[in-house]
Amino acid sequence: MLTINKPSFFVEEILETCISSFRESNPLKEKLNQCKEKIVLEENTYNELCGEKKFHVYPEVESIISILDSKEMAKIYDEKLVGGAARYFYDRLKLSVVDEKCPFCGQKNIKEIDHFLPKEKYATLALTPINLIPICKDCNFIKKSHVPSTYEEILFNPYFDDFNEEKWLVASISKSLPVRVKFKVNEDSTINENDRKRIETTFNLLDLGQIYRIEANTEIGNMKFSWKRVYASKGSEALHQRLLEDAESRKEYRKNSWQTALYEALSTSPWFYNELIKNL
Ligand SMILES: [Zn+2]
């Protein structure tokens with residue numbers, strides 16, 4: 001779960017671009033003009049609530065939806081932000097991620113923009129940049145059907161959550177061949193209980209354990225020739241030291257990546273670097 005910087009532009013710029021690109025005869029031009037000031041104010045309200053992790057208590061604003069309903073806002077989003085005059089902002093949002101990867105799974109590339117609070121229910125925030133999060137196609141597909149009812153069920157928010165201070169992702173290695181790696185959220189992590197539950201919700205819903213397991217299997221396949229050579233020429237302790245160093249390097253870069261969890265599991269498994277390596 002990769003934290004990303006909040007967008008450096010605001011909804012007012014998007015609204016002005018949309019409004020100026022509508023023809024005079026289009027009723028959406030006047031409606032959007034009427035709602036502009038209120039939508040700008042609501043951006044601040046939403047930002048403050050998110051800063052306090054109160055994503056789920058944002059109230060929809062009647063004075064906006066009585067003029068512009070969710071279908072009209074969705075139409076503006078599709079026709080102006082996704083495929084029209086304001087596309088520039090959409091592309092900038094897609095470029096804001098770390099290593100060009102989806103902030104939710106940390107693996108796949110960005111294909112879409114997700115409304116953290118869905119535009120079908122929160123028309124007021126349909127064009128608001130801090131509610132628009134770059135995401136891969138698979139995560140977006142799964143996320144769309146998720147409706148949180150408690151704080152613990154709210155998914156990771158890449159603009160407002162930073163779950164990288166504490167370590168919470170761990171892996172374990174099977175004591176059999178072929179090697180099986182299992183990833184999970186550590187129940188004993190020092191991260192606070194509410195956040196840990198939200199991490200678990202995101203981890204389970206997006207099936208991150210399976211995504212990481214598949215990546216880990218490929219990594220083991222890629223590395224085994226090199227590991228076996230170290231073992232054959234310098235022995236198990238040399239291999240142990242190498243795995244420790246690899247784990248440390250990965251942890252320095254990203255504490256909760258599957259790579260860090262994998263190498264920590266391998267480097268703390270004497271059975272792996274003493275025994276299993278012989279038959280890998
Ligand atoms: Zn993803």
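User: So where do the domain bounds fall in this protein?
Analyst: The protein splits into domain 1 (11-153) and domain 2 (169-279), with bounds that come from an automatic or database domain assignment. Keep in mind this is a predicted model, where local features need pLDDT of at least 70, side-chain atom pairs count only at pLDDT 80 or more, and totals for chains, interfaces and linings use all residues. Residues are numbered from 1 along each chain as its sequence is written.

User: OK, and what separates the centres of domain 1 and domain 2?
Analyst: 37 Å, with the centres taken over C-alpha atoms.

User: How many residues are in contact between them?
Analyst: 10 residues of domain 1 are in contact with 11 residues of domain 2; contact is when two C-beta atoms, placed from the backbone, lie within 7 Å. The domain 1 side has five nonpolar, three polar and two charged residues. Ala, Val, Leu, Ile, Met, Phe, Trp, Tyr, Cys and Pro count as nonpolar, Asp, Glu, Lys and Arg as charged, and the others, Gly among them, as polar.

User: Switching topic: how many helices and strands?
Analyst: 11 helices and four strands. Those are DSSP runs numbered from the N terminus, helices being H or I with at least four residues and strands E with at least two.

User: How do α1 and α2 cross?
Analyst: Helix α1 (residues 11-21) and helix α2 (residues 27-51) have axes that come within 9 Å and cross at roughly 175 degrees. Axes are lines fitted to C-alpha atoms, for helices over the stretch in contact, and angles run from 0 to 180 degrees between N-to-C directions. So α1 and α2 are roughly antiparallel, the word for angles over 145 degrees.

User: Which residues meet there?
Analyst: Val11, Glu12, Leu15, Cys18 and Ile19 in α1 meet a set in α2 that includes Leu32, Ile39 and Val40.

User: Last one, what box do the C-alpha atoms fill?
Analyst: Roughly 80 × 35 × 25 Å, along the principal axes.

Note on methods
Angles under 35 degrees count as roughly parallel, over 145 as roughly antiparallel, 65 to 115 as roughly perpendicular and the rest as oblique.
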